[in-house]
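This report concerns the structure shown below.

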Amino acid sequence: MMGKIGQNLRFNFITNAIVEDITSKDSKQFHVNVLGCNNLTFRRFTISAPEHSLNTDGIHIGRSTGINITDSNIGTGDDCVSIGDGSRQITITNVTCGPGHGISVGSLGKYMNEEPVVGVTVRNCSFFNTMNGVRIKTWPASFQGSVSDMHFEDIIMNNLPSLVRISNVSFKNIRGTSSTPVAVKLACSSGIPCRGVEISDIDLRYTGKEAGAAVSECSNVRPKIFGKHSLTICT
């Protein structure tokens, strides 16, 4: 582990470690940067930065395998957790995120020969006043790459302005409120439409000032719909 100007903590090529009971406050850039690590767990982390501070990702993961983040509170001006290329078997559980941009995979496809992202699970997490919930971000006209085995389950979202903009994942048991009428948004590429998207048991209520109920917007995707929903999904 070594520091870098602008980053509070940096973990390079660490294997079989647990980092716990740490508070990181007001980093100039990423609070925690993880690169080339294997079997590394973050437990009981507290991260805080002003809502409008740029590039203050809570924990950024790149080219690492078996990274676990659990029982933590992350509030920043950027992504609470960001997952870059080459990340495999990432598990995020019991994390409270907000403020910030949510939990994000990507952005991907900016550079040639990026490694695949495989196996991301976000479970039992809560989002409060974040710009997004959970999402996968890709660059337009991007280089080839792949994202697979993504699962988001048992998520609570409160007062999000633009909730979900993701592809190639499953959504199960997501509930809470949205401050904008578009509570669910699946925006996929027209050149490479999303496939294998499954949605079940979505209960999201619009609480903003405009008239009407929560709605969804979907483009270039035909998700499989299961369970009960409080709004019409992708019709």
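**Nonpolar core**

The largest nonpolar core has 55 residues, among which Phe42, Ile92 and Phe171 touch the most other members. Strand β12 (residues 147–160) contributes the most to this core, giving six residues. A nonpolar core is here a set of buried Ala, Val, Leu, Ile, Met, Phe, Trp, Tyr and Cys residues joined through side-chain atoms within 4.5 Å. Buried denotes under 20% relative accessible area, exposed over 50%, and partly exposed the range in between (1.4 Å probe, protein chains only). Helices (H or I, at least four residues) and strands (E, at least two) are DSSP runs, numbered from the N terminus.

The model is predicted: local features need pLDDT of at least 70, side-chain atom pairs count only at pLDDT 80 or more, and totals for chains, interfaces and linings use all residues. Residues are numbered from 1 along each chain as its sequence is written, and side-chain values use heavy atoms, with hydrogens and water left out.

When neighbours within four places in sequence are set aside, Phe42 is in contact (heavy atoms within 4.5 Å) with Phe11, Val19, Val32, Val34, Ile59, Ile67, Asn68, Ile69, Thr70 and Ser72. In soluble globular proteins, nonpolar side chains tend to be buried together.

**Second largest pocket**

The second largest pocket holds about 490 Å³ of space. Its lining comprises 24 residues, with His60, Gly84, Gly106, Ser107 and Tyr111 lying nearest the centre. Strands β3 (32–35), β5 (59–62) and β9 (103–108) each supply at least two residues of this lining. By class, the lining has seven nonpolar, nine polar and eight charged residues. In this classification, Ala, Val, Leu, Ile, Met, Phe, Trp, Tyr, Cys and Pro count as nonpolar, Asp, Glu, Lys and Arg as charged, and the others, Gly among them, as polar.

A pocket is an open set of points on a 1 Å grid over the protein atoms alone, where a 1.4 Å probe fits, with protein on both sides within 12 Å along at least five of seven lines; lining residues have an atom within 4 Å of a point. Grid points are joined across faces, edges and corners, and the volume is the space filled by probe spheres set on the points.

**Cysteines**

The structure holds three disulfides, a disulfide being a pair of cysteine sulfur atoms within 2.5 Å. With bonded cysteines counted along the chain, the pattern is 1-2, 3-4, 5-6.

| Disulfide | S to S | Torsion about the S-S bond | Handedness |
|---|---|---|---|
| Cys80 and Cys97 | 2.1 Å | 85 degrees | right-handed |
| Cys188 and Cys194 | 2.0 Å | about -105 degrees | left-handed |
| Cys218 and Cys234 | 1.7 Å | -50 degrees | left-handed |

Cys218 is partly exposed, at a relative accessible area of 30%.

The disulfide of Cys80 and Cys97 has an S to S distance of 2.1 Å. This pair links distant parts of the chain, 17 residues apart: Cys80 is in the loop between β6 (65–75) and β7 (81–83), and Cys97 is in strand β8 (residues 88–97). Cys80 is buried at 0% relative accessibility, and Cys97 is buried at 1%.

In the remaining pair, Cys188 is buried at 10% relative accessibility, as is Cys194 at 11%.

Cys37 is also buried, with a relative accessible area of 1%. Cys125 is in no disulfide, and the nearest cysteine sulfur, that of Cys97, is 8.5 Å away. Cys125 is buried, with a relative accessible area of 1%.

**Backbone geometry**

Most residues other than glycine have a negative phi, and most peptide bonds are trans. The peptide bond from Gly98 to Pro99 is cis, with omega near 0 degrees; Pro99 lies in the loop between β8 and β9. A cis bond also runs from Gly106 to Ser107, with omega near 20 degrees, and Ser107 is in strand β9. Gly106 and Ser107 are among the residues nearest the centre of the second largest pocket.

Asp26, although not a glycine, has a positive phi of about 55 degrees. Asp26 is located in the loop between β2 (15–25) and β3 and is partly exposed, at 42% relative accessible area. Asp149 has a positive phi near 60 degrees. Asp149 lies in strand β12 and is partly exposed at 40% relative accessibility.
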